[in-house]
Amino acid sequence: MRRTTLVTAVAAASALVLTACGGGDGGSEAGDSGEVTFWDTSGPNESPVFTKLAQDCATKGGYRVKTETVAFDQALNNYRTAAQGGQGPDVFRAEVAWVPQLAKLGYVVDLTGTELASDTSDFLDTPLGSTRFEGKSYGVPQVTDSLALFYNKKLLADAGVEPPKTWDEVKSAAAKLGGEKTLFINNDAYYALPFIYGAGGDLVDAEAKKIVVNSAENVKALETAKGLLDAKAAGTALDPANSYNNMQAAFTSGEVAMVVNGPWSVADYLKGAAFTDAANLGIAPVPGDTAGKGTAPVGGHNYVIRQGTKAKDSSVEFIACMSGVESQVAVAKELGLLPTRKSAYENADVQANEVVSAFEPVVTAAHPRAWIPEGGQLFDPLKIAYADVLAGKKDAKTALDEVAKTYKDTVVPDYTVG
């Protein structure tokens with residue numbers, strides 16, 4: 001999941017008054033309009049690159065493209081509202097958890113019979129899995145991501161500390177790294193997942209249709225995170241709305257030594273005072289309960305085509321270009337974002353990108369999420385619980401039992417608990 005607190009791109013004023021409309025299976029009966037409207041949900045550091053790629057693809061393909069930058073935290077609701085009324089973009093950059101939801105609602109085109117789904121062997125398995133729903137293909141992987149440990153090399157070297165592999169090593173390093181200035185814990189749900197997955201837990205068991213968010217493993221996981229705060233080995237922001245921004249400011253200024261974040265954050269870090277020398281930014285796998293057992297979640301984005309588009313053929317061609325090896329290599333080189341194609345990682349320029357090379361093993365070992373229509377709705381209840389536990393307002397067991405109840409009552413009522 002790309003966190004709603006992470007992206008601050010300003011929505012285009014015309015985002016919901018686009019003229020593309022229609023019905024049926026993609027508008028092929030009326031022919032192809034030759035103009036693709038693309039909703040780009042990337043952040044301000046990324047959108048210029050995607051906009052240029054889109055224009056280059058249109059020029060090569062002989063169609064027109066109009067790129068609209070839409071704020072990530074508004075994009076899903078805006079798209080659903082527009083698509084329900086037969087309007088919206090032709091192509092949408094959807095967060096991985098949105099795809100099964102949009103497929104179930106009938107708001108995206110089944111791509112199974114198109115060239116986009118004819119040969120997917122070059123795509124990494126986990127990102128590709130996020131494009132599937134009930135055995136059909138509804139998207140094409142754009143970029144993948146995960147979480148890693150970012151650290152200030154100078155601060156760790158001056159303290160004689162190696163990048164920690166376990167949470168206990170974080171505690172041990174705290175005395176040398178300034179106590180609470182050792183690690184900043186972002187109290188957002190996505191950032192709770194490394195603790196949860198690393199402890200052997202999960203949110204739901206989709207295959208068994210069980211709610212497992214309040215398992216003993218998950219209780220231990222949140223207790224581990226709270227234990228870092230109690231041991232003065234980490235700090236957090238008591239205001240969840242500003243937690244991410246506070247984390248970014250503390251790390252870029254050199255106030256804290258380590259944070260857990262994704263590849264999208266690198267551009268911001270390199271603008272900070274602590275990383276005027278880019279070589280000072282270190283990247284390592286997220287610590288775990290035991291060495292080598294830290295497991296980060298899979299995130300990323302997919303391209304989908306709106307059901308009812310009047311530019312289906314052009315949209316297919318556009319996505320084929322935007323998700324092609326050449327485009328993925330360009331994105332990796334310029335932005336340090338992670339390709340979804342295996343062959344892109346073989347490119348010499350991609351291999352030379354230190355961010356991509358550092359994240360490649362992280363993504364390879366990352367934990368897949370439940371690709372269910374309700375997947376995106378699992379995070380808000382967990383976010384509240386995680387923040388409450390870190391703030392000391394509730395114990396982990398009580399907070400997670402409440403999350404399980406919310407899941408049962410409002411998110412996946414057909415699932416059993418435990």
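Me: Which residues does Thr295 touch, leaving out those up to four places away in sequence?
Reply: Thr295 touches Leu193, Pro194, Tyr197, Gly198, Ala365, Ala366 and His367. Contact means heavy atoms within 4.5 Å. This is a predicted model: local features need pLDDT of at least 70, side-chain atom pairs count only at pLDDT 80 or more, and totals for chains, interfaces and linings use all residues. Residues are numbered from 1 along each chain as its sequence is written, and side-chain values use heavy atoms, with hydrogens and water left out.

Me: Is Thr295 buried or exposed?
Reply: Thr295 counts as buried, because its relative accessibility is 17%. Buried means under 20% relative accessible area, exposed over 50%, partly exposed in between (1.4 Å probe, protein chains only).

Me: Where is Thr295 found?
Reply: In the loop between β12 (281–284) and β13 (299–305). Strands (E, at least two residues) and helices (H or I, at least four) are DSSP runs, numbered from the N terminus.

Me: New topic. Which strands form the open sheet?
Reply: The order is β9-β10-β14, with mixed pairing. β9 (204–205) and β14 (416–417) are the edge strands, each pairing on one side only. Two strands pair if DSSP finds at least two bridges between them.

Me: How many bridges join β10 to β14?
Reply: 2 bridges, and the strands run parallel. Ile211 stands opposite Val417 in β14.

Me: And helices α1 and α12, which residues meet there?
Reply: Val49, Phe50, Leu53, Cys57 and Lys60 in α1 meet Glu326, Ser327, Ala330, Val331, Glu334 and Leu335 in α12.
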